[in-house]
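Q: Please take a close look at one part of this structure, residue by residue. Then say how that part sits in the chain as a whole.

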Amino acid sequence: MPEVTPAATAVLKLEFPIRATAERVWRAVTEETGRWWDQEFAAVKGSGGARLEPRLGGRLYEETPDGEGLT
C-alpha cells in the first residue's frame with residue numbers, strides 16, 4: 001500500500017500596488033482577459049483563454065468559437 005503523507009492548508013495573502021483607476025482595473029479584468037490570462041494555462045484548447053462576466057455572481061469560463069467550453 002502506498003505511503004500517505006498528511007497535507008496542510010496555508011493561506012497566502014499578497015498585495016500589489018496598481019497605479020490605475022478602479023475603472024481601468026475592472027476593464028482589464030473583465031474585458032481584456034486575453035492580455036493577461038496565459039494561453040498555456042487554458043483548460044479548453046482553442047478557447048482563447050478565460051472570460052469573466054462583469055456582474056455580481058458572473059461566471060469565470062472558457063468557451064471555444066463553436067460553443068464548447070468549461071465553467
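A: Leucine 14 is exposed, with a relative accessible area of 56% (buried means under 20%, exposed over 50%, partly exposed in between, with a 1.4 Å probe and protein chains only). The model is predicted, so local features need pLDDT of at least 70 and side-chain atom pairs pLDDT 80 or more, while totals for chains, interfaces and linings use all residues. Residues are numbered from 1 along each chain as its sequence is written, and side-chain values use heavy atoms, without hydrogens or water.

Leucine 14 is found in the segment before helix H1, which covers 22-31 (helices are DSSP runs of H or I with at least four residues, strands runs of E with at least two, both numbered from the N terminus).

Helix H1 contains threonine 30. Threonine 30 has a relative accessibility of 10% and counts as buried. The side chain of threonine 30 comes to 2.8 Å from the backbone oxygen of tryptophan 26 (a polar contact is an N or O pair within 3.5 Å, and within protein one atom must be able to donate a hydrogen and the other to accept it; residues adjacent in sequence count only if both atoms are side-chain atoms). Setting aside residues up to four places away in sequence, threonine 30 touches Leu52 and Pro54 (contact means heavy atoms within 4.5 Å).

Next come the charged side chains. The structure holds four salt bridges (a side-chain nitrogen of Lys or Arg within 4 Å of a carboxyl oxygen of Asp or Glu). Three residues, Arg24, Glu32 and Arg35, are linked in a network. Glutamate 32 pairs with arginine 24, and their closest N and O atoms are 3.0 Å apart. Glutamate 32 also meets arginine 35, at 3.6 Å from N to O.

Glutamate 53 belongs to the loop between S1 and strand S2, the latter covering 60-63. With a relative accessible area of 17%, glutamate 53 is buried. The side chain of glutamate 53 also reaches the backbone nitrogen of arginine 59, at 2.8 Å. Apart from neighbours within four places in sequence, glutamate 53 is in contact with Gly58, Arg59 and Tyr61.

Alanine 42 is placed in the loop between helix H2 (33-36) and strand S1 (50-52). At 24% relative accessible area, alanine 42 is partly exposed. Its contacts, leaving aside neighbours within four places in sequence, are Trp37, Ser47 and Glu62.

Now the whole chain. There are two helices and three strands, and from the N terminus on the elements run α-α-β-β-β. The C-alpha trace spans about 50 × 40 × 25 Å along its principal axes. Of the 71 residues in the chain, 17% are buried. Among contacts between residues at least 6 apart in sequence, 13% join residues at least 24 apart.
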